[in-house]
Amino acid sequence: MIRENQKILNQLNILSDAVLLFASFIASYYLRFYIMPDGLQSLQPKFYLYTICVITPVQLLVYKFFGLYESNRKKNVGKIVRNILLINIAVLALTQTGLFFFKFKDFSRGVLYIFLLLESVLLCGKHIINRRILHFMRSRGYNQKYVILAGCGVTARRCFQELRNSPELGYQVVGYVSSLEDWPELPYLGSFTDIEVLLEKYKPDEFIAALDDEHTDVGYLAQACEASGTRFFLVPYYVQFFSNRPQVDSLNGIPMFSLRRIPLDNMVNAFIKRTFDVIGSLLLIVLTSPLMLAVAIGVKLSSPGPVLFRQKRIGYGSKPFTMYKFRSMRLNLQEDTAWSQNSDDGLEAPADFALPRPAHLEQMLEYSRRLAAPFPYVRADFYETKEKLVFGELTFTPAGALDTGRLPETDRMFGKLLELS
């Protein structure tokens, strides 16, 4: 029943989009030539009518190709809006290319730009309203989909919790199948060997396999669902280690999952970031130049010595670079190293934590242990340059300076393995 109703809703969705596209173009034509100034028409109205008759089916086909009319309750509405905007811009560019190719110089580009604005507002607004209405109906018990879970471990319970906490998605969990009857919160339907009988009996819309340490033939479950017309979903047990947007690679057709996505691996993202870094840095230097001038004067007047402090640091790719900052301590002419002594007049060390300069790596590690005592996670950075091991820094944070996109369970797992020794 739901599938039949879904087909009707999809057809109505496509028809309403076609009406909105056509109405947006007519309104754009009227605004450009009858409301806005200088509305001189060089082409007959029929040419604009022919144009919208070509644009509408092409745009609807592109919408359908990108899954805009698929039944996907879990799809984020922001992604739908983004796809609509990108498709509208792409179709506009394609239309302008066609007009140029066929030499329609007198065709008003203003009509196309107004059409882009109107269609984007109307279509995005319609789909947002549709999604909100469906969420309201599903939260009241209408338009439900029935799901069977496979497994009774941590992953399956997490899936059930998410489905139960999102009533607007409209999922009803019938029960679970497992080799163990160990989940009193849900009805136990049977074991994995009964899957074909259970699919025939309950006729679920979706089957979610969320198996942890239960060994069964996942291929058999998928084939049984395929034979009964039930949508099959597989949730890997290691999903707890994934970030929100895991990266999927392929090795000659073999899918490989990366625990986290590195956006800068993409050349476009890296170029955008580098451009932003350069432009943003120059802009901030200009804006803060009066403040930096005042700081420079203050440093110069407060004590003798240069205004800027220079020091070698290890940068990207283990390459050394010179770091510049405003000098904040007195000049030490007796030492040619960057180490501050406990008796240094330019640095006031805490009275209860006086440490002499470390003479070897073992002593440095001992200092690290003492400094790290109050913190659950500590990261010690060492750099290898010119065949020498150089101590960089200690990071004391609850997250251990790890990727904040990972789950807290992942941080705890790494924290147990971390030893400063």
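**Questions on the predicted model**

Me: Just after α3, which residue takes a positive phi, and of about what value?
Reply: This is a predicted model, and the place to look is the stretch that directly follows helix α3. The residue there with a positive phi is K103, and its angle is about 65°.

Me: Which helices do the buried residues of α3 pack against?
Reply: Residues count as buried when their relative accessible area is under 20%, and in α3 these include I80, I84, I87, V91 and L99, along with the polar residues N83, N88 and T95. The partners of the buried residues in α3 are α2 (45-65) and α4 (109-139).

Me: Are α6 and α7 roughly parallel or roughly antiparallel to each other?
Reply: The axes of α6 (residues 195-202) and α7 (residues 218-228) come within 10 Å and cross at roughly 30°, in a crossing that is right-handed. Because angles under 35 degrees count as roughly parallel, the two helices are roughly parallel.

Me: How many nonpolar residues does the contact of α6 with α7 have?
Reply: On the α6 side the residues are I195, E196 and L199, and they meet Y220, L221, A224, C225 and S228 in α7. Sorted by class, this contact has one charged residue, one polar residue and, for the nonpolar class, six.

Me: Is C152 buried or exposed?
Reply: C152 lies in the loop between β1 (145-150) and α5 (154-164), and, leaving out residues up to four places away in sequence, C152 touches R157, Y176, S178, L180, D182, W183 and E214. Its relative accessible area is 7%, and since the cut-off is under 20%, C152 counts as buried.

Me: How far apart in space are C152 and Y188, C-alpha to C-alpha?
Reply: Along the sequence, C152 and Y188 are 36 residues apart. In space, C-alpha to C-alpha, the separation of C152 and Y188 is 9.7 Å.

Me: Buried residues make up what percentage of the protein chain?
Reply: The secondary structure of the protein chain comes to ten helices and eleven strands. Out of the 421 residues in the chain, the buried share is 29%.

How values were computed
Residues numbered from 1 in each chain as written. Predicted model: local features only at pLDDT ≥ 70, side-chain atom pairs only at ≥ 80, totals over all residues. Heavy atoms only, no water. Buried < 20%, exposed > 50% of the residue type's maximum accessible area, 1.4 Å probe, protein only. Helix = DSSP H or I, 4+ residues; strand = E, 2+ residues; numbered from the N terminus. Contact = heavy atoms within 4.5 Å. Axes fitted to C-alpha atoms, helices over the stretch in contact; angles between N-to-C directions. Parallel < 35°, antiparallel > 145°, perpendicular 65-115°, else oblique. Left-handed = near helix turned anticlockwise from the far one by under 90°.
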